Structure formats: C-alpha cells, structure tokens
Amino acid sequence: MVRRLFDIILSCIALIVFLPVLCMAAIGIWLSSPGPIFYRARRVGRNKKIFTMYKFRTMHRDQRMFKSVITAKNDPRIFAFGSWLRRLKIDELPQLINIVKGEMSIVGPRAEDPRIVHTYYTQQQIETLHVLPGLASPGSIYNYTHGERFIDKDNPEKCYLEKLLPIKLALDIIYVRESSFFYDLEIIFRTIWTILLISFGKHCFPDPPEMKKARKLIKN
C-alpha cells in the first residue's frame, strides 16, 4: 500500500512538472513524422498479465524494410527528433500514465515483449514477473548506458537475446530479491544522474554495482 501510494504521488507530480516537456515532445513528433503521437506496445506485466505500455512514438510508421522489435544503433526507422527523445528518455515519460493506472511502478524490472517472454525466458528469469514492471531498474539503466554496444545492425534481435537480455534480467533479478524503499530511491537517483550525464555528452560508464552478483546468476 505504501509503495502504491508513493508511485501515485510521485508519478502525478512528475506529470505536472514535465507537462511542458510532454507538450513539446508531442508537437515535435507531429511536425517530424506523420502518424500518431503515442506508440502503444504490448508488454508482459506482473504475473504474466499483458498490458499496453505507452511511449512517445520515435519511429516512422512505415517499417516494411525492418520490423525487428529490437532497436539497433542508428536504426533507420528512427526520425531525428525521435532520436533526441530516446537519448534523453523523454519517450518513456508517457509510462507515468501506466503507473497511475497500476500497471507499472516507478522502479521495477523492465517490461518485455510477450513473444520474447514466452519464447526465451528461463524459469529463473520469470522471477522478474513476480512484481510490477518499472520505469527504472538496474537492468534498464545498464541497457541505457551499455546496450548499443551489444546490438549489431544486421541482426539486432539475435544479439539482444544472446548478449544483452541475460545481463539485463540478471540485474533485475538482483533488484527483485533485494528490493526496498531505500534501494528504490537509489535507483531513481541513479537513473536521473545517468540521464543528466548522457545529456552532457558522457558515453563511457562503469558496470553497475549489481553486476558482480548478476554475473554469478548467469554462470549458474
């Protein structure tokens, strides 16, 4: 109950504070690329429940040449303004609505595509579905700071599934097992700090503090 109240209060405050940014993003998308402002993605939530996750659209609607659900570096589907939104994580802000609706939490494992969950998740990785998915997590921060180096443009999905996904999920399993209010606050501030550093041009980041435990999980 306390966690839910925290999520509602913080997400409502964030929606108010970021309202000018949300409006700017919507106008920029409308001017940059024909199509809807929002992208609605089917994702797997707590206890394998499917929900619709909201994001600002950052890709052109016409994706006939390239339909992978995984985004590669310099992905041709992404328009210029969308790339800027993704870089600063502004495209993720509509998920505050998911949090208000009770489908997500401020902090929690990153929600994944249903096909990937049902086809590739191991029994241990299913542990990340025992809690609400989140806007921020150790796995999502790692994907933000290190993800591009794993994804090959020629076969992004294969690279993602074999190289990046196991690390992301291991990091989020550590979060699920050690979750606490103060750990959540640490993840929130770590996420904000990372976004600020990237916005000022930082490219190289150390491994997250959970990495040592995560690698042990992967080996086991």
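Patches here are made of residues with over 30% relative accessible area and no salt bridge, with like charges joined within 9 Å and nonpolar side chains (Val, Leu, Ile, Met, Phe, Trp, Tyr) within 5 Å. Accessible areas come from the Shrake-Rupley method with a 1.4 Å probe, and for residues only the protein chains shown count as cover. A salt bridge is a side-chain nitrogen of Lys or Arg within 4 Å of a carboxyl oxygen of Asp or Glu.

Before you click: this is a predicted model, where local features need pLDDT of at least 70, side-chain atom pairs count only at pLDDT 80 or more, and totals for chains, interfaces and linings use all residues. Numbering runs from 1 along each chain as its sequence is written, and side-chain values use heavy atoms, without hydrogens or water.

**Stop one: the surface patch.** Select Leu-5, Ile-9, Ile-13, Val-17 and Phe-18, which make a nonpolar surface patch of about 460 Å². Val-17 lies in helix α1 (residues 2-17); helices (H or I, at least four residues) and strands (E, at least two) are DSSP runs, numbered from the N terminus. At 55% relative accessibility, Val-17 counts as exposed. The scale: buried is under 20% relative accessible area, exposed over 50%, partly exposed in between (1.4 Å probe, protein chains only).

**Stop two: the core.** Now pick Phe-56 and Leu-85, which touch the most other members of the largest nonpolar core, a set of 25 residues. Such a core is a set of buried Ala, Val, Leu, Ile, Met, Phe, Trp, Tyr and Cys residues joined through side-chain atoms within 4.5 Å. Leaving aside neighbours within four places in sequence, Leu-85 is in contact (heavy atoms within 4.5 Å) with Ala-25, Ile-29, Phe-56, Thr-58, Ile-90 and Asp-91. A second, separate core of 24 residues includes Val-44, Tyr-160, Leu-165 and Ile-167.

**Stop three: salt bridges.** The whole structure has 15 of them. Asp-91 sits in the loop between α3 and α4 and Lys-55 in strand β2, 36 residues apart. Asp-91 is buried at 2% relative accessible area, and Lys-55 counts as buried at 14%.

Next, show Asp-113 and Arg-43, whose side chains meet in a salt bridge (3.9 Å, N to O). Asp-113 is in the loop between β3 and α5 (114-120) and Arg-43 in strand β1 (residues 38-44), so the pair ties together parts 70 residues apart in sequence. Both Asp-113 and Arg-43 are buried.
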